[in-house]
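Subject: Structure handover

Hello,

Here is the structure for you to look through.

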2 protein chains.
Amino acid sequence: MALLGCGVVGSQVVRLLHEQADDLAARIGAPLELAGVAVRRLGRKRDGDVDPALLTTDAEGLVARDDIDIVVEVIGGIEPARTLILSALRGGKSVVTANKALLAEDGATVHGAAKLHGTDLYYEASVAGAIPLLRPLRESLAGDRVHRVLGIVNGTTNYILDKMDSTGASFVDALEEAQALGYAEADPTADVEGFDAAAKAAILAGLAFHSRVTAADVHREGITEITATDVASAKAMGYVIKLLAICARSDDGRSVGVRVHPAMIPRGHPLAGVREAYNAVFVEAESGGQLMFYGKGAGGAPTASAVLGDLVAVARNRLAGTHGPQESTYADLRVHPMGETVTRCHVSLDVDDKPGVLARVADMFAKQDVSIQTVRQEGRGLDAQLVLVTHRATDAALSATIEGLRELDIVRGVPSVMRVEGEDNTP
Amino acid sequence: MALLGCGVVGSQVVRLLHEQADDLAARIGAPLELAGVAVRRLGRKRDGDVDPALLTTDAEGLVARDDIDIVVEVIGGIEPARTLILSALRGGKSVVTANKALLAEDGATVHGAAKLHGTDLYYEASVAGAIPLLRPLRESLAGDRVHRVLGIVNGTTNYILDKMDSTGASFVDALEEAQALGYAEADPTADVEGFDAAAKAAILAGLAFHSRVTAADVHREGITEITATDVASAKAMGYVIKLLAICARSDDGRSVGVRVHPAMIPRGHPLAGVREAYNAVFVEAESGGQLMFYGKGAGGAPTASAVLGDLVAVARNRLAGTHGPQESTYADLRVHPMGETVTRCHVSLDVDDKPGVLARVADMFAKQDVSIQTVRQEGRGLDAQLVLVTHRATDAALSATIEGLRELDIVRGVPSVMRVEGEDNTP
């Protein structure tokens, strides 16, 4: 086997291949031999005990070697990872990858190559680290009908939101703390703008609904606009703000919505208790009911654990002369735009404190067929604020309502709009 | 395929085979055809839409038919299930079973037959219903080193203990409520005495530690002795009592302990929040860290979901001319007796209220090398009670300490002894 990339995850893979060599051999039925490690630069100091003789900068040459039958890709990003993976698959080699970006952006190409060449492409490590999630969706739930996948799949943003919730910190201060502790990168864009979670949501939706879903299909909002005030008022009302990835079948079952955005969830909901950088994902299946998977969603060792699990599987398959299940997209469900998604909304309005204001606000919701679940007035006079929570409505109707409210002369401002999740069908 | 048994689970399997026929065919690559259903008696009214023409009382004849390549066994119990499964495996047929009792009592025989005849034996439904747990242990964590599996794997006893905790009910009253709601059977022995959980613990331990573990290896205590007072005093101290299944590697890694018993866990522990008949299992792996799996652990539809997931897998394997991973017992770890298990203990003692009592009690702990973490005196005079919580010690030392305490003249009684779990390495 060959390893492409030897950073945080790769060096842990090398360490575990050494430390657990006997166990891995016993579980597979043959030893795993690491024949080469492709890196960008030689001579760099690396964690773990990577034999310098195995290192090469010629990744393409390594993948092409005749004595390589399994390729593990932990470089990340689109190129050169895609070219190397395709080259491996075309050569009939099995591939294990942790590359969520590639699978979410161009899964069709890599899955297509695996299918065409009858070889394995395993990628458990691409979503939620060591938490077994893709294999359960792909195999354990293969006899069930998944309705919804809802969860926290990005540890960095969960750490930031958890700190904001527990200490009252601002987004910027919480981000700095996360960076100091190594939970967030120097350029945190991929995490805080929701790109990482959106890639994972695309992968989960594709598996759950047997359809092809790409990152471009995912409605994405990050957490950079969340203020300490948002967090505090959510807290005061018994909610906590989490960045959720939600993949859900429409009510008629004919399309799916896939989205990543911050949402308020009740403090009693199991996802509200997911602290620090942990991940947790709910899967709601027709027969199986509510299932939850929880654990460390990132980090070198947990991700390496998932890589090694896949490595054992593809190695067993090779020995048996077979391969695992291929990509399943037969259902080919349409991914509907965010406007068609049915959700609920929490809105705070700064309003004039005079008779008739509530009637005019309520009328604006009624015009869009959005019904109001609760409304509360806070403050008096110049500080008057209306806090409303709606019943379920399409996101388009909710957005149109908010737009209309902004234009009302009695509304001085709309300081907070946030979706509410986890109150219906709460496990 | 043939179905053996058509009760609560079997009738749901039949229903789902009908309702999801197109999806199952697309996921497998070929339709699943139900060719026969073996039942004990014809003419009985059954849930779901079982075609009467498929019913037969000749299970052995059905299994032997040439047109049957997959056998699903949901009869339960040792015989005739074992004979039928062995007959199917010897005929080269794939078997899917939900039979925890058989696997825990005589797994060696059935796994041996599957290995010898190179065919599949899948049994996800035998533990924790629809919660994907066996496949993650067997495959996803195949590249990791599991240290401990700890969880709630019996919904009936969790329902009873949850009611006792939330309403203050006695064991008998809570059991009656569980029976009225269908959560407990008329003869609740298998659940309340821990036999069901012990069978599941044996299966989990075997998979987690790549060793052969049988039900007879499992230390088992039920919940029938738990009183409303036990529950109330646990509650007063911030604990909740749960029936736990615990499979853990010893500190030196050379043996494993497998046990089922009620234990006090802190209310902040994630397992403390598992309500009603839900199941939840923690897996602690060296690289993967703490993982939790949560969902409905029993019931017709959730169990049928697990059966169908396995059915898709074995059908795919047959089409590909291969089979999944066989039983893995290479590590062959010794299962140590309960006395060697390291745990902690909560003890209440009715004592004489006079000087020197605490010194004599403390001395009894010291004699067995058990150190005390906290001690508290409650009441005065004739009502004086000492409540102690120990540090970690072997169960043998803890038992010897309790025996010694009972014999002290200053100790009038030992109203409560219970193990404490979940305070070290709490996720």
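First, a term: each helix axis here is a line fitted to the C-alpha atoms over the stretch in contact, and angles between N-to-C directions run from 0 to 180 degrees. Please keep in mind that this is a predicted model.

**Helix packing, chain B**

Start with helix α5 of chain B, residues 100–116, and helix α10 of chain B, residues 195–209. Their axes lie 9 Å apart, at an angle of about 60°. Angles under 35 degrees count as roughly parallel, over 145 as roughly antiparallel and 65 to 115 as roughly perpendicular, with the rest oblique. So α5(B) is oblique to α10(B). The crossing of α5(B) past α10(B) is left-handed.

Which residues make the contact? From α5(B) come Lys100(B), Leu103(B) and Ala104(B). From α10(B) come Asp196(B), Ala199(B), Lys200(B), Ala202(B) and Ile203(B). Sorted by class, this contact of α5(B) with α10(B) holds 5 nonpolar and 3 charged residues, and no polar ones.

**Helix packing, chain A**

Next, take helix α13 of chain A, residues 357–367, with helix α14 of chain A, residues 395–407. The axes are 9 Å apart and the angle is about 150°. An angle over 145 degrees counts as roughly antiparallel, so α13(A) is roughly antiparallel to α14(A). Here α13(A) passes α14(A) in a right-handed crossing.

On the α13(A) side, the contact uses Val361(A), Met364(A) and Phe365(A). On the α14(A) side, it uses Thr401(A), Gly404(A) and Leu405(A). By class, the contact of α13(A) with α14(A) has 4 nonpolar residues, 2 polar and no charged.

**The nonpolar core**

The largest nonpolar core has 162 residues. Which of them touch the most other members? They are Ile160(A), Leu204(A), Ile160(B) and Leu204(B). Leaving out residues up to four places away in sequence, Ile160(B) touches Phe171(B), Ala174(B), Leu175(B), Ala178(B), Val192(B) and Ile223(B).

**A buried loop residue**

Look at Leu333(B), in the loop between α12 (300–319) and β13 (334–335) of chain B. Is Leu333(B) buried or exposed? Its relative accessible area is 14%. Buried means under 20%, so Leu333(B) is buried. The C-alpha atoms of Leu333(B) and Ser255(B) are 5.2 Å apart, although 78 residues separate the two along the chain. Beyond its neighbours within four places in sequence, Leu333(B) contacts Phe209(B), Ser211(B), Arg249(B), Gly253(B), Arg254(B) and Val256(B).

**Backbone points to check**

- Chain A has a cis peptide bond between Glu79(A) and Pro80(A), with omega about 10°. Pro80(A) sits in the loop between β4 (70–73) and α4 (81–90) of chain A.
- Chain B has a cis peptide bond between Glu79(B) and Pro80(B), with omega about 5°. Pro80(B) sits in the loop between β4 (70–73) and α4 (81–90) of chain B.
- Ala128(B) is not a glycine, yet has a positive phi of about 60°. It lies in the loop between β6 (121–122) and α6 (134–140) of chain B. At 1% relative accessibility, Ala128(B) is buried.
- Glu276(B) is not a glycine either, and has a positive phi of about 45°. Its loop runs between β10 (255–266) and β11 (278–285) of chain B. With a relative accessible area of 33%, Glu276(B) is partly exposed.

Best wishes

Notes:
Residues numbered from 1 in each chain as written. Chains lettered and ligands numbered in written order. Predicted model: local features only at pLDDT ≥ 70, side-chain atom pairs only at ≥ 80, totals over all residues. Heavy atoms only, no water. Helix = DSSP H or I, 4+ residues; strand = E, 2+ residues; numbered from the N terminus. Left-handed = near helix turned anticlockwise from the far one by under 90°. Contact = heavy atoms within 4.5 Å. Nonpolar A, V, L, I, M, F, W, Y, C, P; charged D, E, K, R; others polar. Core = buried A, V, L, I, M, F, W, Y, C linked by side-chain atoms within 4.5 Å. Buried < 20%, exposed > 50% of the residue type's maximum accessible area, 1.4 Å probe, protein only.
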